[in-house]
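Please examine the sequence and the structure shown below. The paragraphs that follow are intended to be read alongside them.

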Amino acid sequence: MKLWSLFGLLLLVGCAATPPARQSTVAQAISSQEGMGWWYAAFKFDWPEGESPTWRRDVMVAHRIVSPVLAAHRQDIGWWRVHRRAARDKAGHRFSFIFYAAPETAHSIYAAIEADPDLAVWSQQGLIREVRFDDPAKITRPGVEDTSDPAWPELIQKTWPSYIQGVSEMWLDLVNRLAAEHAPDTLAEAPYRKVQAELDRLWADNARHAFMHHLNAIYAYQPFWARY
């Protein structure tokens, strides 16, 4: 009888000592959060006909405007990423800061960007032609998958924000480190040529192994079709 009592006591102690199960990172990534949504801050650059895109301007905005506002509001942002594009269409050459947060946070971030003195200078110089914000009075993209490609499987749509945030975090870290070396405390374009050139070199020299090889390794080296 004493033996069974002791066994029962140990069993109860063992159960009590077991910590409650935590929601997995994947489960958190899949779940949308009530009262939050996706927001865009899009910077459109001057891009004269017949010229190549001035990619260094993406880097200038990322370093001088996006990085400080992200640092100031990071605790209130669920996911975030950057997007770079240049095509001869209505959108043209545009750099976007995209984040998942409450409307109040979006309002604060937009206000900080609008008040940024660097933005005022570059706008006056004609480097930045336009800055577009969403309306923080209404959430139009509440789902965590709402900025993913709708052609992807649903599970990919819902988990992709975690992946692209990691990519964006590394890219922005590279930008900030290179800018600290080549473009410290300047609004001039010329030093950022070097920053973009270094980014180009790092990608060209390391993409195959540091990026593509290790990404493929995570997925067990399975073959895939690549098209850019």
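The mean pLDDT of the protein is 89, with 87% of its residues at 70 or more. Residues 1-26, however, have a pLDDT below 50, and beyond near neighbours in sequence this stretch makes 3 contacts in the model. Where pLDDT is low, the predicted coordinates should not be read in detail.

The next element to consider is the sheet. It is an open sheet of 4 strands in the order E2-E3-E1-E4, with antiparallel pairing. Strand E2 (77-86) and strand E4 (128-133) stand at the edges; each has a single partner strand, so one side of each lacks a neighbour in the sheet. Neighbouring strands are turned against each other by 15° on average, direction ignored.

Within the sheet, E1 (residues 37-45) pairs with E3 (residues 93-101) in the antiparallel sense over 8 bridges, and Ala 42 stands opposite Ser 96 in E3. Helix H3 (residues 56-73) packs on the sheet, where it touches E1, E2, E3 and E4, and its direction makes about 15° with that of E3. Helix H6 (residues 154-182) also packs on the sheet, touching E1, E2 and E3; the direction of H6 makes about 70° with that of E2.

E2 and E3 run antiparallel and are joined by 8 bridges; Val 82 has Phe 97 in E3 as its bridge partner. These two strands form a hairpin with 6 residues between them, and Gly 92 in the turn has a positive phi of about 65°.

Positive phi values also occur outside glycine. Asp 185, in the loop between H6 and helix H7 (190-218), has a phi near 50°. Is Asp 185 buried or exposed? With a relative accessible area of 70%, Asp 185 is exposed. Tyr 221, in the segment after H7, has a positive phi of about 60° although it is not a glycine. Tyr 221 is likewise exposed, its relative accessible area being 51%.

Technical notes:
Residues numbered from 1 in each chain as written. Predicted model: local features only at pLDDT ≥ 70, side-chain atom pairs only at ≥ 80, totals over all residues. Heavy atoms only, no water. Pairing = 2+ DSSP bridges. Axes fitted to C-alpha atoms, helices over the stretch in contact; angles between N-to-C directions. Contact = heavy atoms within 4.5 Å. pLDDT = per-residue confidence, 0-100. Buried < 20%, exposed > 50% of the residue type's maximum accessible area, 1.4 Å probe, protein only.
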